[in-house]
Amino acid sequence: TPYLLGPLSVDVRQLAAARSKLLATLPERCDAVLTASSRDLGAAVLPFPALASLHKAAAAIRDGEEANGEVVTDCKHAILKLAMVAGKRVAGNPSGVDWERLSDLLAMPLDWEAVTEPLRGALSSHLRRKSSTEPGAFVPAIRALAAAGRAARGITEELARHEFGAFDRMEGQTVAEVLLAVAESGTLLREVAERLKPPLLHRLPLPELVEIVAILGERGYGKKVRSALQTRVAVAGPGLAAVPPHSLLRLATAATHCPVIAECALGPVAMAAASVLHLWPLEGIPELMLVAATTTSPAASSGARRLFSRAAEAVMPRLHELQPAQLLRTVVAAGAAAAHCRPLLEAASQAATAALEAFVPEQVVLLTQGSLALGGQHPAMVRLLDFWVVYFNALVENSADRADGQPDSGLPADEVAQLVRLLALVAPGHEAVFGAAGARLRKVVGQLSSSGRSSILEAFPGGTGPAFEGKEELLRAVIEAEASSAENAAS
């Protein structure tokens, strides 16, 4: 293992060559162990500590900055073979596991179907013999098992229940680490939720509690955390602002799936984040804004409004730092809360539309939707409208050169229809964009779903709305398609 990791004084090229040789020989050595009979398989041949150390070393090289494609492939092969040897050892002699390094063993990609039951039985016997295990000692092992998922559920449950039984001897921080590790593994979630009650609830540090509640909300146990939200999170005040941004964002995001979190915590989270938004990672701010703007119950709360106001102050001076995908999310988020942060929407839309070549058409659709609140005469919207004129005209021209029925890579017909419906509301006088989009729709009218046809009819109710060449032909084709669909459904 030391030769794999290498001392700092060794020449880098020599070290790389030595590593490659060792990595190449590891699978051969493992194969020799795998094919040996149980009688020949002695403890001195790659014992558990050596297997774990070699695995950690190979994983470190694989994940290192200097690893090239060949080295990464060698590492993956070596790791797989080491895991096969470890699995054979566990299945054949589970009581021989080095329990002090259990987390290292469990971090290996073992054949869980083969090792779970033997290892669980040996672990159960070990825990009965060593009832005085340090509280929280198995947290690293539970975390390692999270990657194995349901396949290793039996081992996770054994370790988790052992730790649950020692809660009265644990500090609050250790209790929180146990509950968080078990929740992240996806095991015993109901039991985790049931433990979020006094007096244990009040011993848990707030940052870990926020993470635990977020996980439970994500996994469908939101109703069981209402008390924890009401008595610890919602009333935390300034203490909530000290929770790491990634934890607050995770709790806020969970609110999109969990009405209880949306009701009890999203407003306080938005207010807390607003007070320290200058300390947040820039990319996290639009994510939180979008959740606050699109989750119904707290969207009009004082916390959400404060967040929108502070977001403009925090993000606008740093718009130039955003990558295109982050800038897109900022436009969408600010557009969803345009009534409260129009200056940010204007600035972000201007920045995004000044570099439209950085976005694919599907992203430009989102930019257009986010910028609608600016109105059709705003410079950012004008650039978007001009983009769509060029885009749709190019699609129509290219389709003329294609064989009949040959698909192209343009936007789906339903998305074009929805875009036309939205543009009809904010830019009804922009004849060029409707002419170009209409020409595209006439080419793909047969691909419209019922929803897409409805979008077209809503954009031009009774034939009214924006005028453009070919409008009557398009509407006639849509109406005929709708009637044909209705007849087919009736029959």
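User: Let's start with T368. Is T368 buried or exposed?

Analyst: This is a predicted model, and what follows is computed from it. A residue counts as buried when its relative accessible area is under 20%. T368 has 2% relative accessibility, so T368 counts as buried.

User: Where does T368 sit, and which residues does T368 touch?

Analyst: T368 belongs to helix 21, which covers residues 361–371. Leaving out residues up to four places away in sequence, T368 touches M381, L384, W388, L419 and L423.

User: Let's follow W388 from there. Which residues does W388 touch?

Analyst: With residues up to four places away in sequence again left out, W388 touches P361, V364, V365, T368, L411, L419, V433 and A436. W388 is also one of the residues with the most contacts inside the largest nonpolar core, along with L102, L159, L196 and M289.

User: Now to helix packing. What should I look at when two helices pack?

Analyst: A packed pair is described by two things, the angle between the axes and the distance between them.

User: Which residues make the contact between helix 17 and helix 19?

Analyst: Helix 17 brings P286, E287, M289, L290, A293 and T294, while helix 19 brings Q326, R329, T330, V332, A333, A334 and A336. By class, the contact of helix 17 with helix 19 has eight nonpolar, three polar and two charged residues. You have already met M289, among the residues with the most contacts inside the largest nonpolar core.

User: How do helix 19 and helix 20 cross?

Analyst: Helix 19 (residues 324–336) and helix 20 (residues 342–353) have axes that come within 9 Å and cross at roughly 145°. The crossing of helix 19 and helix 20 is left-handed. On the helix 19 side you find L327, T330, V331, A334 and G335, and these meet L344, L345, A348, S349, A351 and A352 in helix 20. The contact of helix 19 with helix 20 divides into eight nonpolar, three polar and no charged residues.

User: And what is the angle between helix 25 and helix 26?

Analyst: Helix 25 (residues 450–459) packs with helix 26 (residues 471–490) at an angle of about 140°, and their axes are 10 Å apart. That makes helix 25 oblique to helix 26. Their crossing is left-handed. S450, R453, I456 and L457 of helix 25 make the contact with L475, V478, I479, A481, E482 and S485 of helix 26. The contact of helix 25 with helix 26 has six nonpolar, two polar and two charged residues.

User: Which peptide bond is cis, and where is P199?

Analyst: The bond from P198 to P199 is cis, with omega near 0°. P199 is in the loop between helix 10 (189–194) and helix 11 (206–218).

Definitions and conventions
Residues numbered from 1 in each chain as written. Predicted model: local features only at pLDDT ≥ 70, side-chain atom pairs only at ≥ 80, totals over all residues. Heavy atoms only, no water. Axes fitted to C-alpha atoms, helices over the stretch in contact; angles between N-to-C directions. Helix = DSSP H or I, 4+ residues; strand = E, 2+ residues; numbered from the N terminus. Left-handed = near helix turned anticlockwise from the far one by under 90°. Contact = heavy atoms within 4.5 Å. Nonpolar A, V, L, I, M, F, W, Y, C, P; charged D, E, K, R; others polar. Core = buried A, V, L, I, M, F, W, Y, C linked by side-chain atoms within 4.5 Å. Buried < 20%, exposed > 50% of the residue type's maximum accessible area, 1.4 Å probe, protein only. Parallel < 35°, antiparallel > 145°, perpendicular 65-115°, else oblique.
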